[in-house]
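Subject: Structure handover

Hello,

Here is the structure I said I would pass on.

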Amino acid sequence: MKTVKKNIKVDYMARVEGETSIIVQLDHVPAIKLKIFEPPRFFEGFLVGRKYDEIGDIVSRICGICPVSHMTTAIQAIENAMGIKVSSQTKVLRKIMCISQIMASHLIHLYMLAMPDYYGYPGIVDMRSNFNKQIKNLIRMKEIFNELTGLIGGRALHPVTHIPGGFTAIPSNHAFASILEKLKKMRPLAKQVVIDVSKFSVPDFHCDSEYVALDGDGEYAFNEGKIVSTAGLNIAVEDYYQAFEESEVDYAFAKKSVLKRRFSFMVGALARLNNKFDKLQSKTKRLADQIGFKIPSDNPFHNNLAQSIEIADGVEQCIKLIGSNSFEDEDFNIRIIPGAGGSVTEAPRGLLFHWYNINRKGVVEKANIVTPTSHNFQNIEKDMKKLVTENKNKGRDQIRLLCEQLVRAYDPCFSCSVH
Amino acid sequence: MSDMKNKKPKIGVFKYSCCAGCEFQLIYFQPYIMEVFEAAEITYCKMLQSAGSEDGPFDVALIEGAITEQWQVEQLKKVRLVSKYLIPIGSCAVCGGIPAIKNTDEEYEVQKRVCNDTSVIHSVKANPVDQYVKVDGYIKGCPMGVRDLTEMVISLLLGKRPDFLEYCVCVECKLRGNICVLVAYGQPCMGPVTNAGCVALCPTHNRGCYGCWGPMTDANAKALADQFEYMGLSKEDIRRKFTEFGQPSKEWKAGQVE
């Protein structure tokens, strides 16, 4: 029998956040490497020696697409380390800011990074004439979500008002009322996103994976809760190190994180839906039902669909949170108390972990950050191996496209992963 | 920026060590993005599209990120050769930005805190783009400011010289009518030495500027550092303020004393 011993290589993968190449060795048993070559920036190295009140501003620069997630996770970790309690208003504002950023990130991913693959375009610029309506809706929605993040944070990209203890400025209730109207008008557009994405023709592909997410009491958790999985994991955030293990690999600058004594796992929108679908708004559940989305789904390509469902749900959650709260200025004082602490949140791409040791001067002595893409790293390679094995009789170009589509479906962020 | 009338300028976008936020600011630069796509042709931008070649030629090359590895220097020099104008975008590329905080420590010490096996690491100290090639202007900010970005695109299309902002945050703060957070509330504010462009975002939101736009030309860092000392900040606190953005730049050196 003739064996095909050829490699497929994507040197610098386009339309993902950051820099990676994919190497596929087409052999009897295909070998896959996600060679993340984006240079590491050593955040955990240079955060040592920096003060607790600068950390949020610094770590937001880990990622240009999920700055709010890094900032919030770091600030919560520092608050846990120093024993700082925050008001319920702060928690609500954090949640709105977090949801608005996740929705904006999902929109970029779905329309600008993923969609061109499914219609055979190199990018969205060339799709302007045939997909004019979708692109206009995308820009409209993204503007509103960015406006909401910016309203609370001062600006959408690298917010400035969010510091340990709370927010330095609270927007007026009038400003919230005006954005509430815009969000209400956005409902049909958000529904359209789900319909648009359900038209992507994704492969019928199934993988046995463990799905890990943050789960809270009675709500679709983003910033607080326990770490749960579809295989029965249920731990408190403080026990993160007991369950997860991170290691270096020699071909990529990102580290890989796996569950101890188990294996790789998936985080992100699909993992969230697989774990807490029942906590979505009932309207969203009906919409998911309409397009035939069933949980649990073991098709990683469904991560796109899961993101679109989260967009529809996110609009409703923002409307609910803004509509049922009124906001006022708050004073808070911080006392420096040495300690160590961590936090886990749901970033757009899944579970994000930060940990800090703070000394009596309020200076960081140790920092550890594990990003969603490090959590997904092993699982992407595992799934790609299966995908290539199942499709190895197809042409090289087709296999290459499938591999790229799979990586994009995971919506990785390589800048985050190498931090 | 002359000779560019009547033809669609070709833009190349290159990413080095950074968060990619400036590229997001460019690509998702609503509400003007559709107009920009009509007026200019983005011929190379990996995050936006899979087609395109890094070989150019480009009318404008936009560079984001600090330079931290040798291959980046080599590519950057090639890009310079095939580009009419080369402009660093955002603090990392303009003044080293956040990635350059690592320069305050021994490089190897910083790496060792992150990796057990440093043999695969080829990072050097983080430097801005103008350390290696001649540049034709700076679009400052973290993320880069939409005002200067718009000015660049308009200048390109009109064939005029871009007028980038070159004064400190205090000017914008006064124009907004803010009460000075440094003088009135004793908050250590980097506004007097930081380039404008954010429209005094932090002081407007009740906190001192932390310098994310990077140093203003001819900043008097010494005077501000002395003021901070007078206000009771420790030497380490002052050094941290002047090294959060723009560690390699000469303008803030006077505030970076140990």
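This is a predicted model: local features need pLDDT of at least 70, side-chain atom pairs count only at pLDDT 80 or more; totals for chains, interfaces and linings use all residues.

Chain A against chain B

The two chains touch through 42 residues of chain A and 45 residues of chain B.

Domains of chain B

Chain B is assigned two domains: domain 1 covers 10-158 and domain 2 covers 169-255. Taken over C-alpha atoms, the centres of domain 1 and domain 2 of chain B are 25 Å apart. Their contact involves 18 residues from domain 1 of chain B and 14 residues from domain 2 of chain B. Within domain 1 of chain B, α4 (90-95) and α6 (146-158) each supply at least two residues of the side that touches domain 2 of chain B. The most comes from α4(B), with three residues. The side of domain 1 of chain B that touches domain 2 of chain B has seven nonpolar, eight polar and three charged residues.

With helix α3 (residues 67-82) of chain A, the axes come within 9 Å and cross at roughly 150°. Angles over 145 degrees count as roughly antiparallel, and α3(A) and α4(A) are therefore roughly antiparallel to each other. The crossing of α3(A) and α4(A) is left-handed. Val68(A), Ser69(A) and Thr72(A) of α3(A) make this contact with Arg94(A), Met97(A), Cys98(A) and Gln101(A) of α4(A). The residues in the contact of α3(A) with α4(A) are three nonpolar, three polar and one charged.

With helix α10 (residues 303-323) of chain A, α4(A) packs at an angle of about 150°, the axes being 9 Å apart. The pair α4(A) and α10(A) is therefore also roughly antiparallel. Their crossing, too, is left-handed. Among the residues making this contact are Ile96(A), Ile99(A), Met103(A) and Leu107(A) of α4(A), and Ile311(A), Gly314(A), Cys318(A) and Leu321(A) of α10(A). The contact of α4(A) with α10(A) is made up of twelve nonpolar, eight polar and two charged residues.

A sheet in chain A and the helices across it

Chain A has an open sheet of three strands in the order β12-β13-β14, with antiparallel pairing. The edges are β12 (339-347) and β14 (364-370) of chain A; each has a single partner strand, so one side of each is left without a neighbour in the sheet. From one strand to the next, the twist averages 10°. Strand β13 (residues 350-358) of chain A is joined to β14(A) by six bridges, and these strands run antiparallel. Asn357(A) has Lys366(A) of β14(A) opposite.

Which helices lie across these strands? Another is helix α11 (residues 372-390) of chain A, which lies across β12, β13 and β14 of chain A and runs at about 130° to β13(A).

Regards

Notes. Residues are numbered from 1 along each chain as its sequence is written. Chains are lettered from A and ligands numbered from 1 in the order in which they are written. Two residues are in contact if their C-beta atoms, placed from the backbone, lie within 7 Å. Axes are lines fitted to C-alpha atoms, for helices over the stretch in contact, and angles run from 0 to 180 degrees between N-to-C directions. Helices (H or I, at least four residues) and strands (E, at least two) are DSSP runs, numbered from the N terminus. Angles under 35 degrees count as roughly parallel, over 145 as roughly antiparallel, 65 to 115 as roughly perpendicular and the rest as oblique. A crossing is left-handed if the near helix is turned anticlockwise from the far one by less than a right angle, and right-handed if clockwise. Ala, Val, Leu, Ile, Met, Phe, Trp, Tyr, Cys and Pro count as nonpolar, Asp, Glu, Lys and Arg as charged, and the others, Gly among them, as polar. Domain bounds come from an automatic or database domain assignment. Two strands pair if DSSP finds at least two bridges between them.
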